[in-house]
Amino acid sequence: DLHSSGTNSSSTVFSDMFNPSTTAEGDNNTGVYMTRKVTLENAASALKVIFDAVLFSSANIKVYYKTLQADDTTQFEDLSWNYMSIDKTVSESKGYTDFREYAYEASGLENYIAFAIKIVMQGTKTTEVPLIRDFRAIALAL
């Protein structure tokens, strides 16, 4: 009996296993793509991500970013991820050759000198997985 000793060790097991997509390390999703750290020559204050994707109604794509300010002493790997919102709604793909353009933007950021992008692909049907091609990330000084 787990409770006979007066402690319940199972209460922390499940909470230690879950890592939201925004944490610096780990992610519970299996379809995750992360770029390497991109260091800029000049500081930027906005970030745009564009890619073409096949995306069915049973799936979704979430985009995250992290940035490093010039005066920040935090290790880049320890920075948490921030959710990036999509620019406009895109209708679902009709087949696996029907790529549609998706654009995400984060603006009004503190001037940063390095960034990375994380794409999380989720779905409820293993036969309708998202596909991505022509990925571009643009650092903007607005």
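How many aromatic pairs does the count come to? Keep that in mind as we set off through this predicted model. The count comes to six aromatic pairs, and we will stop at two of them along the way.

**Stop 1: a stacked pair.** Select F51 and Y102. Their ring centres are 6.0 Å apart and their planes sit at 20°, so this pair is stacked, the planes being under the 30 degrees that stacking requires. Now colour by strand: F51 belongs to β3 and Y102 to β6, so the pair links distant parts of the chain, 51 residues apart. Is F51 buried or exposed? With a relative accessible area of 0%, F51 is buried. Y102 is buried too, at 3%.

**Stop 2: an edge-to-face pair.** Next, select F56 and Y96. Here the ring centres are 5.0 Å apart and the planes stand at 75°, so the pair is edge-to-face. Look at where the two residues sit: F56 is in the loop between β3 and β4, while Y96 is in the loop between β5 (82-86) and β6, so the pair ties together parts that are 40 residues apart in sequence. F56 is buried, with a relative accessible area of 10%, whereas Y96 counts as partly exposed at 36%.

Stop 3: L131 is found in strand β8 (residues 131-140). With a relative accessible area of 31%, L131 is partly exposed.

**Stop 4: the largest nonpolar core.** Now go inside. Which residues have the most contacts inside the largest nonpolar core? Select L47, F51, I61, V63, M84, Y104 and I117 to show them; the whole core has 19 residues. Then show β3 (46-54), β4 (59-68), β6 (100-106) and β7 (112-123), the elements that each give two or more residues to this core.

Zoom in on I61 for a closer look. Leaving aside residues up to four places away in sequence, I61 touches F51, A53, L55, Y104, I119, V120, M121, P130 and I132.

**Last stop: another core.** Finally, select Y64, L79, W81 and V120. They are among the eight residues of another core, which lies apart from the largest one.

Notes
Residues are numbered from 1 along each chain as its sequence is written. This is a predicted model: local features need pLDDT of at least 70, side-chain atom pairs count only at pLDDT 80 or more; totals for chains, interfaces and linings use all residues. Side-chain values use heavy atoms; hydrogens and water are left out. A nonpolar core is a set of buried Ala, Val, Leu, Ile, Met, Phe, Trp, Tyr and Cys residues joined through side-chain atoms within 4.5 Å. Buried means under 20% relative accessible area, exposed over 50%, partly exposed in between (1.4 Å probe, protein chains only). Helices (H or I, at least four residues) and strands (E, at least two) are DSSP runs, numbered from the N terminus. Contact means heavy atoms within 4.5 Å. Rings of Phe, Tyr and Trp (its six-membered ring) pair if their centres lie within 6.5 Å; planes under 30 degrees apart count as stacked, over 60 as edge-to-face and the rest as tilted.
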